[in-house]
Amino acid sequence: MTVSTTAGWYLRRLSRMGPLEVAGRAGDTLRRRRWRAEPPAAPSVTGARFTAALPAGTVAAIPPDAAKRLVAEADRLMDGHAEFFGVARDDLADPDWWYDPKTGRRAPGGYAFDVPYRSEDTAGDIKQIWEPSRHQYLTVLAAAYAITGNERYAERVAGHLRSWWAANPPLHGVHWISGIELGIRLLSWVWIRRLLDGWPGAAPLFEDNPVARNHIWHHQRWLAAFPSRGSSANNHIVAEAAGQFAAACAFGWFPSSARWRTDALRSLDRHLRANTFLSGLNRELASEYHGLVLELGLAALAEADAADVPVPATVRLVLLRMTDALAAVVDDRLRPPRQGDADDGHGLVVDGAGTDRWASLLATGDAVFGRLDWWPTVTGTDVRTPLLAALIRPYAKAQPSPESDTAPAVARPAARPAHFADAGLTVLRGPAKIWARCDGGPHGFLSIAAHAHADALSVEVRHDGVDVLADPGTYCYHGQPEWRQYFRSTLGHNTLELDGADQSVSGGPFLWTRHARTRVLDPDTSGARTSDGGVSHWCAEHDGYQGSVHRRRVELVADTTELRVVDEVRGPRRAARLAFHLGPAITADLTGDRAVLTWTCDGENRTAVLDLPGELNWRAHRGESDPPLGWYSAGFGRKEPATTLVGTGFTDSAGRFTTVLAFRD
């Protein structure tokens, strides 16, 4: 039994649920038992047709370099080569849908809800098994067919879909457990059918195929029956609603299709709003999930407009705000903050390797909503933007739905926002392309804050897009509890740890039972200001250490390209560890309480000096495993050694700890 499924975990998890969620989950349990005894039967369908094709000329509008990258990626897939979460695979020409190449284990079969998918010892690494079955690599192959007209791509897609449908009958096995997987898979199927339109085998593969129709119906029936509930209604419920809505629009062949479409749209509207601050940032305070939810929302909007289904005005408004917020927080290389969990999840994949995800989202935002003058310039190209833009009505032309009372007033930011008060996120920018994120927001979203890290008051600093003071990332979810704990710990972030404990209390890998409360102080609710002397200020505090309050002040001095971080602790004497995690490109020469940092960017040597608090004893750590310390995860399933500077001492050794990071020419 894994750490996440012990009796204690179930009790802690139950304690974070409200009465309605408990009742809903009890109903889910009864339904699962009933379905085991008497599985739902799909209705017979005649005359099914697919009418949600791309407008004429759409594929021709794809930029040639983006098309070239896409086809190169498709050719690698045709040769059987792919990489999922740092694990290279060469078996994708004929995949085993239940096999995990990381552990060498194969998930057990049987009734889906009996599969112990959280146990890596039994089922393998579930992320490795689930990811190929999102079928997003098949959307790449289908896009290659649409661009080239080469039927070998279409035939491979058809062969893999038939193989998957045969190996995964409804309610059997590991791919019928998680709603987010079903939702994203449905979205992939919609786009596969759309991109294969014109191939003679498309209709026999989908609408004229009773096996395909059976799977499409069962996916939608499952999602209607088992939505993510209450404390779990985060990005998962958005993926479920987006997938169900897309399928009900594009594959509206069933007696329940109209009801599913209506219910899914209502859920999508509700949960897009619930998952998003009014400022436009995602409430999970995890940048990659901001990207995932935005991708899902745009894909769902494309289906609505393609099917001429009115949507509440709030759907477009939330997506607009999310796009403006993304444009506001990215650095000079269009990279967003590395905040909270990240698992490389995407809503719709139709691009090849080398396409920048965030540039693609901003390009789509420009096409759909129109860029503002302060937006950063996007120079890259992608396949997805022209495909979505061909379906989504431009924002100025979209009319409010009759279901919405009035069209919400839209007041887009006149200048680039620096502080998002509701999310507690502040970005300080200086000369020489200095970018600094300060975290003074809530611990996470909903009562379990599933994707939060214990990172209150952490700072993240980049110079011309290079991580200098880095957020180490996520690395893993299941199967490696010591690494999951490290990457979400207080010590695993650029902040102050007291008495060897995290600021917030973890109850499991996706569960926090006590949340640190943070508030921004300087100068007021705006959270950041620039003085007449060219100094950008930010100050906040948190109460995560009971009996003590940690306050941090950050100042970016423009004229000297100098960043000052001042930490104060009010309360009794406590053991302290102050950590600064350096990016993997940074070399550090630590002498006493001074570290000279060097790196190379665009062929030029760069230098900074980090003057650390002399009241603490400083050591450099790199690539340590027992316990973990000194690591950086560039993506899910991948980690590499990086230098972490840790100062140890006590809070009464000085009234404050002052750190100065000075960038040199």
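Q: What share of the contacts in the protein with a separation of 6 or more comes from residues 24 or more positions apart?
A: In this predicted model, residues 24 or more positions apart account for 72% of the contacts that have a separation of 6 or more. The secondary structure in which these residues are arranged comes to 17 helices and 28 strands.

Q: Which radius of gyration does the protein have, and what would a compact globule with 665 residues have?
A: A compact globule with 665 residues would have a radius of gyration near 26 Å, and because the protein has 25 Å, the two agree. Of the 665 residues, 59% count as buried.

Q: How is a pair of aromatic rings described, and how many such pairs does the structure hold?
A: The description of a pair of aromatic rings rests on the distance of the centres and the angle of the planes. The structure holds 26 aromatic pairs. One of them joins tryptophan 35 and phenylalanine 226, an edge-to-face pair with 5.1 Å from centre to centre and 75 degrees between the planes. This pair links distant parts of the chain, since tryptophan 35 lies in helix α2 and phenylalanine 226 in the loop between α10 and α11, 191 residues apart. Tryptophan 35 and phenylalanine 226 are both buried.

Q: Is the pair of phenylalanine 113 and tryptophan 222 stacked or edge-to-face?
A: Phenylalanine 113 and tryptophan 222 are stacked, with 6.2 Å from centre to centre and 20 degrees between the planes. Here too the pair links distant parts of the chain, with phenylalanine 113 in the loop between β4 and α4 and tryptophan 222 in helix α10, 109 residues apart. Both phenylalanine 113 and tryptophan 222 are buried.

Key
Residues are numbered from 1 along each chain as its sequence is written. This is a predicted model: local features need pLDDT of at least 70, side-chain atom pairs count only at pLDDT 80 or more; totals for chains, interfaces and linings use all residues. Side-chain values use heavy atoms; hydrogens and water are left out. Helices (H or I, at least four residues) and strands (E, at least two) are DSSP runs, numbered from the N terminus. The radius of gyration is taken over C-alpha atoms; the globule rule is 2.2 Å times the number of residues to the power 0.38. Buried means under 20% relative accessible area, exposed over 50%, partly exposed in between (1.4 Å probe, protein chains only). Contact means heavy atoms within 4.5 Å. Rings of Phe, Tyr and Trp (its six-membered ring) pair if their centres lie within 6.5 Å; planes under 30 degrees apart count as stacked, over 60 as edge-to-face and the rest as tilted.
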